[in-house]
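This report describes the packing and the charged pairs of the structure shown below.

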Amino acid sequence: MTADISHLEEKKVASELLFQGRFLRALRDTVALPDGGAATREYVVHPGAVVVIPLLDDGRVVLERQFRYPVARVMVEFPAGKLDADEDPLLCGQRELLEETGYRAREWARAGEMHLAVAYSTEVIHIYFARGLVAGERQLDQGEFLDVFTATPDELLGWCRDGTVTDAKTLACTVWMQNVLSGHWALDWQSADNPAS
């Protein structure tokens with residue numbers, strides 16, 4: 001898509017720090033609008049994250065159940081985690097898969113990226129597929145509690161349809177999974193020992 005979009009852009013005039021947490025911060029910016037007016041934009045600055053779609057050799061996928069405090073419920077999700085400072089997304093995905101599920105993967109493929117909440121967050125989530133999974137010991141962070149389980153792609157699709165799965169990254173990744181498994185979307189698989197640079 002090469003359309004001219006300059007007439008839509010907003011320009012930052014001033015910025016105010018509203019909150020600084022351990023890994024999130026909130027800002028309020030004053031912006032100049034395309035028509036010459038002014039407005040404020042409040043948003044959260046996030047370091048980014050990775051989500052992994054782990055494919056078992058028998059056709060099932062690896063999922064997690066985890067209590068998410070802001071929404072006060074247990075969510076069904078693909079394994080995911082935030083990027084550390086200057087961390088390569090592939091290495092983050094490999095680390096998170098091992099820590100949360102105990103699985104290592106022989107092959108990895110980068111699918112793409114998604115912006116989770118473009119109206120109020122800078123967060124970008126990198127999407128990876130993993131296959132050739134080998135089970136091992138989980139290495140959960142202190143204070144991290146989650147259940148790991150498996151499901152068929154059809155079961156996961158049903159949970160997306162009936163509202164059991166409402167996590168945005170898992171919903172989006174299920175679309176990716178469905179298209180990859182059907183052969184409509186191709187991936188460039190790389191060995192975990194020799195990933196593409």
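The largest nonpolar core contains 25 residues, and those with the most contacts inside it are Val51, Ile53, Leu63, Phe78, Phe129 and Leu156. A nonpolar core is here a set of buried Ala, Val, Leu, Ile, Met, Phe, Trp, Tyr and Cys residues joined through side-chain atoms within 4.5 Å. Buried denotes under 20% relative accessible area, exposed over 50%, and partly exposed the range in between (1.4 Å probe, protein chains only). Two or more residues of this core come from each of S4, S5, S8, S9, S10, helix H2 (153–162) and helix H3 (168–182). Strand S4 supplies the largest share, four residues. Helices (H or I, at least four residues) and strands (E, at least two) are DSSP runs, numbered from the N terminus.

The model is predicted: local features need pLDDT of at least 70 and side-chain atom pairs count only at pLDDT 80 or more, whereas totals for chains, interfaces and linings use all residues. Residues are numbered from 1 along each chain as its sequence is written, and side-chain values use heavy atoms, with hydrogens and water left out.

Leaving aside neighbours within four places in sequence, Ile53 is in contact (heavy atoms within 4.5 Å) with Phe78, Ile127, Tyr128, Phe129, Ala130, Cys173, Trp176 and Met177. A second, separate core has 14 residues, including Leu56, Leu83, Trp108 and Ala130.

Helix H1 (residues 89–101) is largely enclosed by the rest of the structure, because ten of its 13 residues are buried. Among the buried residues are Leu90, Cys92, Leu97 and Leu98. The buried residues of H1 pack against several strands, including S4 (49–55), S8 (104–115) and S9 (124–134). At the start of H1, a side-chain oxygen of Asp88 lies within 2.9 Å of the backbone nitrogen of Leu90. Just after H1, Gly102 adopts a positive phi of about 85°.

The whole structure holds 15 salt bridges, each defined by a side-chain nitrogen of Lys or Arg within 4 Å of a carboxyl oxygen of Asp or Glu. Three of them are listed here.

| Glu77 | Arg68 | 2.8 Å |

Glu77 is buried, at 3% relative accessible area, whereas Arg68 is partly exposed at 31%. Glu87 and Arg95 also belong to a salt-bridge network with Lys82, Asp84, Glu96 and Glu99.

Terms used: Polar contact = N/O pair within 3.5 Å; in protein donor to acceptor, adjacent residues only side chain to side chain.
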